[in-house]
Amino acid sequence: MDTMSGLKRTNYCGETAGVGSTVVVGGYVQKIRDMGNLIFIDLRDRTGIVQLAFNDATDRAVFEKASSCRSEYVLMAKGVVKERESKNPDLKTGDIEIIVDDLRILAKAETPPFEIVDDTNTNEELRLKYRYLDLRRGKLQQNLITRSKIAKSARDYFYENGFIEIETPMMIKSTPEGARDYIVPSRIHHGNFYALPQSPQMYKQLLMVAGYDRYIQLARCFRDEDLRADRQPEFTQIDMEMSFVDVEDILEIGEGFVKRLFKDVMNIDIPTPLPRLTYKEAMERYGSDKPDTRFGMEITNISDLAANCGFGVFKSAVDAGGSVRAIVAKGAAGVLTRKEIDKLTEYVKGIGAKGLAFIRWVDDAPSCAFAKFLADGELDAILERVGAEKGDVVLFVADKDRVTLPVLGALRLKVAKQLNIIPDGWNFLWITEFPFFEYDEESDTWVAMHHPFTMPMDECVEYLDSDPEKVIAKAYDLVLNGTELCSGSIRITDSELQQKMFEALGMSDEEIEAKFGFLVEAYKYGAAPHGGMGIGLDRLAMLMCGADSLRDVTAFPKIQNASELMSGAPGDVDDEQLKELGIKIADEEKAVKDDE
């Protein structure tokens with residue numbers, strides 16, 4: 001094998017110097033074309049590909065060495081940059097090539113289990129098993145480079161705005177954050193466990209108590225929950241907190257970051273101020289607290305028309321305190337056939353609806369299965385209310401609002417994707433004025449929608465005990481194209497109000513002390529008003545890269561069962577390690593593992 005002795009890289013493959021320059025490049029062999037008296041090698045690094053050329057004038061030892069190269073060999077090559085006779089417009093360096101006079105084979109490679117190309121049909125599980133090879137693909141490399149640029153832009157922006165970067169602990173006390181904790185056994189304190197942080201929430205609030213009025217951290221967070229395309233068990237949050245502020249100050253800083261980030265990374269100007277909707281408005285119009293506003297198809301409430309109509313399904317829903325609402329798929333009658341509507345009916349039943357009523361307007365008269373139950377003029381009134389015309393399909397759901405709205409929100413997205421009507425663009429949106437509490441039917445209790453440290457609106461404090469449904473929080477989310485990027489709130493800093501909030505959530509004094517005692521104690525020593533938010537760096541990178549999954553912007557991701565295919569994590573540990581930790585695995589668990 002050759003060495004690098006006497007050679008030092010002067011240029012990247014995708015950024016070579018001008019014609020006539022002598023350069024040294026290093027990289028991986030992408031492709032070889034051996035034509036007998038001519039050899040061309042495409043050499044690849046993270047910046048792109050350049051063509052190495054070997055001809056009759058090339059030293060025979062160098063030529064033979066080039067002839068021996070194979071895919072993914074690691075090379076260094078020295079030569080003169082020349083203009084190519086046959087140019088390649090698909091490459092950044094497609095107008096030039098390097099006439100090589102010195103070639104070093106630094107490492108040979110076995111034939112990889114799949115071809116290293118951007119557009120690959122290789123099974124993802126195989127690619128994840130050989131992730132270090134998958135990461136050589138230009139597409140993934142550009143994704144990770146974009147992610148790096150996002151991190152740099154974040155640090156630059158927040159540093160310039162007076163924020164201090166402070167690291168918080170990775171091994172903390174387990175506290176309720178809405179998902180399961182990953183726990184770490186203590187070797188010294190047998191039977192006790194650390195937790196990996198779901199967020200640095202309490203620590204950043206304590207930093208505000210400590211007087212660090214502007215905190216920032218690119219924080220690693222961990223949640224033991226079921227995975228999906230936009231979720232990983234470990235993720236990075238651009239975490240910030242500010243003192244002596246209210247909601248407007250935090251939204252202003254957040255908008256400034258968005259504007260700076262998209263200019264830095266994508267050279268796109270995002271107009272500010274960003275639009276806003278209250279939680280109530282978002283749910284009423286879009287059926288979602290993270291709506292995609294790049295297209296219309298907004299929800300229309302026809303409950304007043306349905307209250308006294310002859311169609312029992314509609315009338316009974318309104319009589320029971322619910323509502324009847326609809327979306328209109330404009331010009332969709334040709335695509336949403338009766339068969340397709342049947343599929344949509346099964347879909348909404350699967351997410352909680354009892355059924356789906358519809359009007360399909362193909363011919364001069366609209367086709368409506370429930371028209372026979374309606375009195376004269378009632379169908380016309382409904383069509384006028386929803387704005388339906390010939391060629392449209394109207395889809396109705398009737399039920400309690402907690403069913404009607406989210407079901408139509410999900411249906412709206414599904415139909416829009418089916419009709420391919422979602423345009424490209426960057427639609428940011430603040431959602432404000434979230435309810436403080438949400439009702440959990442399983443436990444028959446009111447729980448905090450965000451977290452128990454969220455400040456309620458001043459005028460809502462009186463309802464904490466008497467009417468939790470009326471309590472509105474000083475909380476806000478940032479949404480981009482239907483994806484929640486950030487969640488934040490103003491925090492409670494009054495120890496008496498915090499105690500009252502814990503009690504409203506049904507927590508005993510013992511439970512409060514065990515879980516949050518140190519934070520409650522800290523507030524007794526004076527805390528400036530403060531608030532903040534956490535922006536999901538991974539989701540931001542996924543959207544900015546146009547990726548389909550967080551796995552495409554994460555170097556070494558987990559799959560759906562939270563395992564990492566390349567390293568085999570999680571794995572067994574030996575009995576001696578378990579003994580040191582004071583842990584014994586139950587025999588039945590071992591038996592199950594042995595059978596798998």
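**Close-up views of a predicted model**

Glu72 is found in the loop that joins helix 1 (60–67) to strand 4 (74–83); helices (H or I, at least four residues) and strands (E, at least two) are DSSP runs numbered from the N terminus. This is a predicted model, in which local features need pLDDT of at least 70, side-chain atom pairs count only at pLDDT 80 or more, and totals for chains, interfaces and linings use all residues. Residues are numbered from 1 along each chain as its sequence is written, and side-chain values use heavy atoms, with hydrogens and water left out.

View 1. Glu72 is not a glycine, yet its phi is positive, about 75°. A cis peptide bond links Thr272 to Pro273, with omega near 5°. Pro273 belongs to the loop between helix 6 and strand 11. Another cis bond runs from Ala569 to Pro570, with omega near 0°, and Pro570 sits in the loop between helix 16 and helix 17 (575–581).

View 2. Contact means heavy atoms within 4.5 Å. Axes are lines fitted to C-alpha atoms, for helices over the stretch in contact, and angles run from 0 to 180 degrees between N-to-C directions.

**View 3. Strands 17 and 20.** Five bridges join strand 17 (residues 428–432) to strand 20 (residues 475–480) in the antiparallel sense. Ile431 has Asp477 of strand 20 as its bridge partner.

**View 4. Helix 4 against helix 16.** The axes of helix 4 (residues 138–160) and helix 16 (residues 537–545) come within 10 Å and cross at roughly 125°. The two helices are therefore oblique to each other (angles under 35 degrees count as roughly parallel, over 145 as roughly antiparallel, 65 to 115 as roughly perpendicular and the rest as oblique). Helix 4 supplies Asn143, Thr146, Arg147, Ile150 and Ala151 to the contact, and helix 16 supplies Leu537, Asp538, Leu540, Ala541, Met544 and Cys545. By class, the contact of helix 4 with helix 16 has seven nonpolar, two polar and two charged residues. Ala, Val, Leu, Ile, Met, Phe, Trp, Tyr, Cys and Pro count as nonpolar, Asp, Glu, Lys and Arg as charged, and the others, Gly among them, as polar.

**View 5. Helix 4 against helix 6.** Helix 4 and helix 6 (residues 247–266) have axes that come within 9 Å and cross at roughly 135°, which makes helix 4 oblique to helix 6. The contact of helix 4 with helix 6 divides into eight nonpolar, three polar and six charged residues.

**View 6. Helix 14 against helix 15.** Helix 14 (residues 495–504) packs on helix 15 (residues 509–523) at an angle of about 160°, with the axes 11 Å apart. Helix 14 and helix 15 are therefore roughly antiparallel. Ser495, Gln498, Gln499 and Phe502 of helix 14 meet Asp509, Ile512, Phe516, Val520 and Tyr523 of helix 15.

Terms used. Two strands pair if DSSP finds at least two bridges between them.
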